[in-house]
Amino acid sequence: MAPPRLAAPVLGFSALLLIRAAADVFDTSKTPGDSRYNVSLQSMSVSEGRLTPSGFHSWITDYDLEVSNVVSTHVDFTFSLFLNKYDLDHMPIIEVDGKELDYNPLEIITTTVTLDEDIGPFDRVLHVVVRDPKQGSWWSPTNSKEYKIRIRQPPEFSQVVRAEELVITGGGGQEIVARPPFDRNSSAVDYYYKIPGNETSVDIEFACPKFTTTLLWNAEPVSTFSPRPGWSSAGTKKRLDLHKTSSIQVVVTCVYRCSWGRSQRDYVLTLERDVKLSAHLLQPQMLPDRGYCLSRVDYMAKLHNSTAVEQRDEEGYYCL
């Protein structure tokens with residue numbers, strides 16, 4: 001029987017790992033300015049999230065860090081160097097986002113990255129550079145290695161679709177207060193408005209958080225802008241004509257979409273005009289063989305055998 005054979009790609013990759021590891025471990029040049037001066041991190045770990053590729057390798061310079069916990073406010077990075085490759089008086093310089101890191105090689109080397117402090121997503125690249133302390137020249141650039149870590153954190157999905165502003169005003173510009181009154185921190189989504197009878201139109205101004213990707217008006221996408229100075233740009237303003245109606249309902253929706261998922265919140269606005277329905281607007285009728293109906297004014301005139309007066313604002317009917 002022929003001996004089992006290992007696949008060439010497996011052997012090739014294993015050999016590469018051994019060669020790269022040997023290059024980092026057994027290079028003994030400790031002199032700054034030497035082309036062999038080591039500028040690699042030995043390790044890198046994080047206090048939060050998942051780092052990919054998994055398991056740090058000194059020769060891999062691009063990583064992704066996903067912090068799935070939406071309430072996390074920071075991530076601590078811990079680094080180590082190949083101490084046996086340096087004279088402790090000539091340690092490499094470590095820079096984080098262009099700023100030199102003050103560290104003691106005999107202690108834990110750490111730096112903290114503050115995550116986004118608002119409700120939106122976080123996405124930025126951290127740059128960590130390890131370089132020779134001896135400045136190079138134009139014909140011999142400074143020996144260095146840069147590690148790039150892309151840090152991503154999803155938004156607070158329940159918050160990025162919570163309306164920030166909602167104002168309804170009448171024709172004279174006076175605000176009409178909802179029941180319950182609108183509160184951006186409230187979980188309420190149903191609001192009732194009693195519109196004065198003399199108002200024939202109202203303006204609705206509504207704003208979602210700036211992170212909102214789509215604003216819907218009665219399930220239809222609308223162009224967004226800032227209705228008022230200082231408001232989010234993810235807003236809109238609409239005028240409702242109430243000439244021919246005493247009641248109307250509007251649904252405004254904040255929608256957020258991203259690679260992590262989708263979220264939305266519907267706000268239902270019910271508007272009712274405080275109007276009296278006069279006799280000439282409502283004219284109930286009965287079947288001919290059942291009787292007839294008269295407005296209160298006409299009925300009282302007929303009852304007293306007098307002429308009906310033009311008091312059409314009187315309410316009620318009599319059906320005989």
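Colleague: Which residue in S12 does Ile168 stand opposite?

Modeller: Ile204 is the one opposite Ile168. This is a predicted model, where local features need pLDDT of at least 70, side-chain atom pairs count only at pLDDT 80 or more, and totals for chains, interfaces and linings use all residues. Residues are numbered from 1 along each chain as its sequence is written, and side-chain values use heavy atoms, leaving out hydrogens and water.

Colleague: How do you know that S10 and strand S12 (residues 201–207) are joined?

Modeller: Two strands pair if DSSP finds at least two bridges between them. Five bridges join S10 to S12, so by that rule they pair. They run antiparallel.

Colleague: Why is a set of residues called a nonpolar core?

Modeller: The name applies because its members are buried Ala, Val, Leu, Ile, Met, Phe, Trp, Tyr and Cys residues joined through side-chain atoms within 4.5 Å. Buried means under 20% relative accessible area (1.4 Å probe, protein chains only). The largest such core here has 29 residues, and Phe77, Ile149 and Ile151 touch the most other members. Strand S4 (74–81) and strand S9 (144–153) are among the elements giving it two or more residues. Apart from it lies another core, of 28 residues, including Tyr191 and Leu269.

Colleague: What is Ile151 in contact with, beyond its neighbours within four places in sequence?

Modeller: Contact means heavy atoms within 4.5 Å. Among the partners of Ile151 are Leu65, Phe77, Val113 and Leu126.

Key. Buried means under 20% relative accessible area, exposed over 50%, partly exposed in between (1.4 Å probe, protein chains only). Helices (H or I, at least four residues) and strands (E, at least two) are DSSP runs, numbered from the N terminus.
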